[in-house]
Amino acid sequence: MREELTRLTARWLAAGHTSADVHEHVLRGLPGAGTPVQRPGGLVRYLLREVPPRTLPRPEPSTSPPGPRLSSRLQGARECAGGAHTQPMLFRPVADEVLCSECLGWGPQGGPGV
């Protein structure tokens, strides 16, 4: 019986199914809880006798541009093009500005810098 079940499983794997596919198929074919199984090997043989064609999940079309995605907190942020920062500085532009308020001459309190 073991050799026969091994051959049946090998047919599934040769058709492109994974061991997880075989396992899920057998689990779906088991009777409900409390139902006695008189010949478990025969049941598994019955469940594995037909090898369905392997269907791969279709990838969903991507609507986002290629490249790394920003977190929702950083959506709309832009890197400051000014040279006043030792590290890259992200800011939220109001219009098409490329400099943060600090580089534009505005202080951290929101008024003109001194």
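Here are some notes on the predicted model shown above.

1. **Ground rules.** This is a predicted model, so local features need pLDDT of at least 70 and side-chain atom pairs count only at pLDDT 80 or more, while totals for chains, interfaces and linings use all residues. Residues are numbered from 1 along each chain as its sequence is written, and side-chain values use heavy atoms, with hydrogens and water left out.

2. **Overall layout.** The chain has three helices and two strands, and the order along the sequence is α-α-α-β-β. Both kinds of element are DSSP runs numbered from the N terminus: helices are H or I with at least four residues, strands are E with at least two. Of the 114 residues, 12% count as buried. For that word and its partners the cut-offs are under 20% relative accessible area for buried, over 50% for exposed, and partly exposed in between (1.4 Å probe, protein chains only).

3. **Surface and contacts.** The chain exposes about 9600 Å², and carbon and sulfur atoms supply 56% of that area. Accessible areas come from the Shrake-Rupley method with a 1.4 Å probe; for residues, only the protein chains shown count as cover. Take the contacts (heavy atoms within 4.5 Å) with a separation of 6 or more: residues 24 or more positions apart account for 31% of them.

4. **Helix H1, length and faces.** H1 covers residues 2-14, and its 13 residues should span 18 Å at 1.5 Å a residue; the end C-alpha atoms are 18 Å apart, which agrees. (The expected span is 1.5 Å times one less than the number of residues.) The buried residues here are Leu5, Leu8 and Trp12. Looking down the axis of H1, they fall within an arc of 65°, so they line one face of the helix. The arc is that of the directions from the helix axis to the C-beta atoms.

5. **Helices H2 and H3.** The buried residues of H1 pack against H2 (19-29) and H3 (40-48). In H2, Asp21, Val22 and Val26 are the buried residues. Seen down the axis of H2, they fall within an arc of 130°, so they too line one face of their helix. They pack against H1 and H3. H3 has Gly42, Leu47 and Leu48 buried, and the buried residues of H3 pack against H1 and H2.

6. **The core.** The largest nonpolar core has seven residues: Leu5, Leu8, Trp12, Val22, Val26, Leu47 and Leu48. Such a core is a set of buried Ala, Val, Leu, Ile, Met, Phe, Trp, Tyr and Cys residues joined through side-chain atoms within 4.5 Å. H1, H2 and H3 each supply at least two residues of this core, with H1 giving the most, at three residues.

7. **After H1: Gly16 and His17.** H1 is followed by Gly16, which has a positive phi, near 105°. His17 sits in the loop between H1 and H2 and counts as buried because its relative accessibility is 9%. Not counting residues up to four places away in sequence, His17 touches Trp12, Val51, Pro52, Pro53 and Arg54. A polar atom of the His17 side chain lies 2.7 Å from the backbone oxygen of Pro52.

8. **Arg11.** This residue is in helix H1, and at 42% relative accessibility Arg11 counts as partly exposed. Arg11 touches Arg49 and Val51, again not counting residues up to four places away in sequence. The backbone oxygen of Arg49 is 3.4 Å from a polar atom of the Arg11 side chain. Arg11 and Leu48 are 37 residues apart along the chain, with their C-alpha atoms separated by 9.0 Å.

9. **Ala84.** Over to the strands: Ala84 lies in the loop between S1 (78-79) and S2 (90-91). Ala84 counts as exposed, at 57% relative accessibility. The C-alpha atoms of Ala84 and Cys103 are separated by 6.6 Å, and the two residues are 19 apart along the chain.

Conventions
Polar contact = N/O pair within 3.5 Å; in protein donor to acceptor, adjacent residues only side chain to side chain.
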